[in-house]
Amino acid sequence: MTALLPRRGLAQIFALIVILMVDRAVSPQFFDLRLQDGRLFGSMIDVLNRGTPVALLSLGMVLVIATRGIDLSVGAVMAISGAIAASLADSHGLPVVLAAALGAGLVCGLWNGFLVSILGMQPIVATLILMVAGRGIAQLITEGRIVTFTSPDLVWLGNGAILGVPVPVAIALGMLILTGAVVRGSALGLLIEATGGNARASELAGVGTRAMILAVYVWCGVCAALAGVIAAADIMGADANNAGLWLELDAILAVVIGGTSLFGGRFSLLLAVLGALIIQTMNTGILLSGYPPEFNLLVKAVVVLAVLLLQSPKLTGMAGIVARIRGTKA
Amino acid sequence: MTLKALFAASATAALLLSLPANAGQLTIGFSQIGSESGWRAAETSVSKQEAAKRQVNLKIADAQQKQENQIKAIRSFIAQNVDAIFLAPVVSTGWDAVLKEAKEAKIPVVLLDRDIDPSGKDLYLTAVTSDSVHEGAVAGEWLAKTVGEKACNVVELQGTVGASVATNRKKGFDSVVAKHPNLKVVRSQTGDFTRAKGKEVMESFIKAEGGGKSICAVYAHNDDMMVGAIQAMKEAGLKPGKDVLTVSIDAVPDIFKAMSAGEANATVELTPNMAGPALDVIAAFKDKGTVPPKWIQTESKLYTASDDPQKVYDSKKGLGY
């Protein structure tokens, strides 16, 4: 049976369906959809919309992790780009705002990439620097307060709709297609996997591993900056203290749930985004369930553990053995 | 030897420099936590205003959220022989040694906004703090009075789980709800005191309560979560302030903006003016030797749409919130 189906992605899809069913059970109107002011409205839309920042982060993170790296600074980069976007929103047009915010993400990515690929620092330490400093930079930009704006263009990025689909969701989808086209439409994805699999061997085989590593951190920075702009647009303000706080961990979790190994090598963009959706489906379900908030983290931990156990080759292997023994007994 | 002499000389010089300009003027050292939040920034600016109003020379030392910096600042205030020390303690323990030094130097200490461990009770003159249980109760009383006898389903946006402010603001509100059987908290979740989470949690409340039609009021443990919740309600086609009553705590400028737009109903102020009462206490203590009570509770003032929210907004927006 399992041999007939594609092995990869099965566990994630199964997990998502189970969590969706649980959500439906705790909240009977979970799949209800209606139009509200030209925008689709319902819990499923909340899942997609609220899952957007982590989905965007995971798009960059999965490439970084594929090179055997990690980027802890994405949450702080979100705070920086959100702060820049909010400070410029009411005095400049959307193109300028976006260019400045995404440019900041690009610079942050270059910095991380420089430390890791040129100076050879360990990724976890190199990006820890910006994780700490970045939030400080964001606080300097906002002077420690929540900077609000009313610019309708920027607000549209967070709260608007294209044919009923919330703009953030459309952006995330666009970014997934774009990243997929660039990475899988060329040999780039393979080269990234080679770099993560064995950097030295790849280097000897003629892969520009340094350039690969620099490029993935830059892309990760840009994705994080975009997530930051959307998060700021959503609440019509930049909250440097809280924007993107701990989201780097959710992004790493999404990538891992998506089956990409922290030791680098083979990766899947689609499954990383699916991982982000699994996390958000669970979060929304917890909020809908009406359980006391003290349970939130516990439920989350148990579900994550279950999803990861589903993917564990040893455990599924053991289950196979148990099934075979039972089969022979019967 | 020369080094010691130099040190002594510079210490004397520092002491001379720090002497008040005129003999009657009080010099007070204020060890502030840092600028952790907008409210903290507002507290610092209001303290400066209140000191200027009373012609007190207020020296503020920013501790950047570190206790060792606060201890250093207090020691330097003692060395400068100030008339009194204000302390907003970043943590509640570890103050005994330095406060004893202040006591031996006969410099009265007033705690602002936060209390310290009971073991240090006799080491300070008084503590000026708000009562967060009372704040929750004031919010609850307003809601009870506004809805009257009508049945009302309330959804609650809690602060960060485990934070004492969140626990107390919930306790105060719940104590009022318990007295009014027509009030019922139907949903309660944490919004971590942030706008983004307040919005996300409110979105789920609206879905869980049949599109929000059965929600009669929202109670948020701080204004920021309420600002997020108001956006969520508007996006769901509800009219916050009319269809759904709102009451929250803190009185930050942005909630007054929402109030003047008719989208929020009430907020309970956590006053940034802790220094004002403290300055009055010190003046009375120095002049007549009046010993104040051990705890001075600040007023938890209720603001509603009838308090000219636009005016309050204008007066608050420059304070650094």
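What covers the buried residues of helix α5 of chain B includes α6 (164-179), β7 (183-190), β8 (217-220), β9 (245-250), β10 (266-269) and β12 (302-304) of that chain. This is a predicted model, where local features need pLDDT of at least 70, side-chain atom pairs count only at pLDDT 80 or more, and totals for chains, interfaces and linings use all residues. Residues are numbered from 1 along each chain as its sequence is written, while chains are lettered from A and ligands numbered from 1 in the order in which they are written.

**Helix α5 of chain B**

- S132(B), E135(B), G136(B), A137(B), V138(B), A139(B), G140(B), W142(B) and L143(B) are the buried residues of α5(B); buried takes 20 or more other C-beta atoms within 10 Å of a residue's own, exposed is 12 or fewer, partly exposed is in between, and C-beta atoms are placed from the backbone.
- Helices here are DSSP runs (H or I, at least four residues) and so are strands (E, at least two), numbered from the N terminus.
- At 1.5 Å a residue, the 16 residues of α5(B) (132-147) should span 22 Å, and the end C-alpha atoms are 23 Å apart, which agrees. The expected span is 1.5 Å times one less than the number of residues.

**Two helices side by side**

- The axes of α3(B) (67-79) and α4(B) (96-104) come within 10 Å and cross at roughly 10°. Those axes are lines fitted to C-alpha atoms, for helices over the stretch in contact, with angles from 0 to 180 degrees between N-to-C directions.
- That makes α3(B) and α4(B) roughly parallel to each other (under 35 degrees; over 145 is roughly antiparallel, 65 to 115 roughly perpendicular and the rest oblique).
- On the α3(B) side, I71(B), I74(B), R75(B) and I78(B) meet V98(B), E101(B) and A102(B) of α4(B); contact means C-beta atoms, placed from the backbone, within 7 Å.
- The residues of this contact split into five nonpolar, no polar and two charged. Ala, Val, Leu, Ile, Met, Phe, Trp, Tyr, Cys and Pro count as nonpolar, Asp, Glu, Lys and Arg as charged, and the others, Gly among them, as polar.

**Cores**

- The largest nonpolar core has 158 residues, and A85(A) and C223(A) have the most contacts inside it. Such a core is a set of buried Ala, Val, Leu, Ile, Met, Phe, Trp, Tyr and Cys residues joined through C-beta atoms within 7 Å.
- Helix α10 of chain A (209-235) gives the most to this core, with 20 residues.
- A second, separate core of 36 residues includes I28(B), V56(B), V98(B) and M274(B).

**Where the chains touch**

- On chain A, 25 residues are in contact with 26 residues of chain B.
- Elements giving two or more residues to the chain A side are α2 (43-66), α10 and α12 (269-289) of chain A.
- That chain A side divides into seven nonpolar, 11 polar and seven charged residues.

**Chain B and some loop residues**

- Chain B has 11 helices and 12 strands, and 48% of its 321 residues are buried.
- S37(B) sits in the loop between β1 (27-32) and α2 (38-53) of chain B, and counts as partly exposed because it has 19 C-beta neighbours inside 10 Å.
- W246(A) isn't a glycine, yet has a positive phi near 65°; with 9 C-beta neighbours inside 10 Å, W246(A) counts as exposed.

Technical notes. Two residues are in contact if their C-beta atoms, placed from the backbone, lie within 7 Å.
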